[in-house]
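Thank you for making time this morning. Please have a look at the sequence and the structure on the screen, and I will then walk you through a few parts of it.

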Amino acid sequence: VRQAHAAGVRIVAGTDAGDTYVFPGFAIHEELAELVRAGLAPTDALRSATIDAARFSGKAREYGSIEAGKVADMILLDADPLTDIRSTEKIAGLFFNGQYLDRAALDELLAFAEDQAGSLRTNLQLLYGARSHATGSNDSTIQFTDAREMQDGRVMALVRPFSDTDF
């Protein structure tokens, strides 16, 4: 990475966000730390996740830097990432879609996401949707209505046919 960067190759962070075990939003912090460990300066690592990523995706007119007329989504940190790149994990707040979310609001969102991730019903719906997408099936004739974990660890999914009133 260091040699490629020194040769002028643009490094773009976040390129593996579609990986099953990479969680966008969380994994970027580890990726930035890895880039610094590989020889990039913290400034260059941050640039790889902001303006360089926006340029690569053709979105530099809207994203990637703080300028008049651009989308103003950004995080506020409690520490300087130029001193320690791991400071990107010390998030005090977030400006997103015209709203400010303080640390308490972000913690509420994380708790909700954790609850949903552990929800049997939500996971069955996601798996069913993924299966339908993978097989190219648009004929979703059933929907999950509930799911329960049995005492022996098996899962019982309750389904019902879609009706015309569902649409």
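I will start with the strands, move on to a turn, and finish with a helix.

Please keep in mind throughout that what we are looking at is a predicted model. Let me begin with strand E1, residues 74-77, which pairs with strand E2, residues 91-96, in the antiparallel sense, with four bridges between the two. Within this pairing, Leu 77 has Ile 91 of E2 standing opposite.

Strand E2 is also joined to strand E3, residues 99-102, again by four bridges, and these two strands run antiparallel. If you look for Phe 95, you will find that its bridge partner in E3 is Tyr 100.

Now to the turn: how many residues lie between E2 and E3 in the hairpin they form? There are two residues between these strands, and Asn 97 sits in that loop. The phi of Asn 97 is near 55°, which is a positive value in a residue other than glycine. Is Asn 97 buried or exposed? With a relative accessible area of 62%, Asn 97 is exposed, because the cut-off for that word is over 50%.

Finally, I would like to turn to helix H2, residues 27-37, where the buried residues are His 29, Glu 31, Leu 32, Ala 33 and Leu 35.

Conventions
Residues are numbered from 1 along each chain as its sequence is written. This is a predicted model: local features need pLDDT of at least 70, side-chain atom pairs count only at pLDDT 80 or more; totals for chains, interfaces and linings use all residues. Side-chain values use heavy atoms; hydrogens and water are left out. Two strands pair if DSSP finds at least two bridges between them. Buried means under 20% relative accessible area, exposed over 50%, partly exposed in between (1.4 Å probe, protein chains only).
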